[in-house]
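Subject: Structure handover

Hi there,

Here is the structure I promised to pass on.

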Amino acid sequence: AIMPGRSYEKTTGPNCFKCTCSEDGKSLNCCDTSTIITSFPPDKCKVILVGCDEVAVSKFDESKPCPGQTSGIKG
């Protein structure tokens, strides 16, 4: 349970989020805190999960960033 005026944050992926209970305890507001990759060149890259976030990396060497254009959204 989240007490009034307090917050809870899930910081292990996938699906990380933060919730805050109002001071009066009548409402709970939650939002996603993860990064989600929305586009990447599939011939050169792939998406992996690092903590809470999706990261586009080279399809041939995951230790290197995606060599093509990528885009994403932060929750």
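Leaving aside its neighbours within four places in sequence, which residues is Ser-58 in contact with? They are Lys-44, Cys-45, Lys-46, Lys-64, Pro-65, Cys-66 and Pro-67, where contact means heavy atoms within 4.5 Å.

A word on the basis: this is a predicted model, in which local features need pLDDT of at least 70 and side-chain atom pairs count only at pLDDT 80 or more, while totals for chains, interfaces and linings use all residues. Residues are numbered from 1 along each chain as its sequence is written, and side-chain values use heavy atoms, with hydrogens and water left out.

Back to Ser-58, which lies in strand 6 (strands are DSSP runs of E, at least two residues, numbered from the N terminus). Ser-58 counts as buried, at 9% relative accessibility; buried means under 20% relative accessible area, exposed over 50%, and partly exposed in between, with a 1.4 Å probe and protein chains only. Its side chain reaches the backbone nitrogen of Phe-60 at 3.2 Å.

Two of the residues that touch Ser-58, Cys-45 and Cys-66, are bonded to each other in a disulfide, with sulfur atoms 1.9 Å apart (a disulfide is a pair of cysteine sulfur atoms within 2.5 Å). Cys-45 sits in strand 5 and Cys-66 in the loop between strand 6 and strand 7, so the bond ties together parts 21 residues apart in sequence. Both cysteines, Cys-45 and Cys-66, are buried.

The whole structure has three disulfides. Another joins Cys-16 to Cys-52; its S-S torsion is about -85°, so it is left-handed. Cys-19 pairs with Cys-30 at 2.0 Å, S to S, and here the torsion is about 115°, so this disulfide is right-handed. Cys-19 is buried at 5%, whereas Cys-30 is partly exposed at 48%. As for Cys-31, its sulfur is 7.7 Å from the closest cysteine sulfur, in Cys-30, which is too far for a bond.

Now the charged pairs. There are three salt bridges, each a side-chain nitrogen of Lys or Arg within 4 Å of a carboxyl oxygen of Asp or Glu. In one of them, Glu-62 meets Lys-46 with the closest N and O atoms 2.5 Å apart. That pair spans 16 residues, from the loop between strand 6 and strand 7 to strand 5. Lys-74 and Asp-53 form another, at 3.6 Å, and they link strand 7 with strand 6. Lys-64 pairs with Asp-61 at 4.0 Å.

Best wishes

Key. Helix = DSSP H or I, 4+ residues; strand = E, 2+ residues; numbered from the N terminus. Polar contact = N/O pair within 3.5 Å; in protein donor to acceptor, adjacent residues only side chain to side chain.
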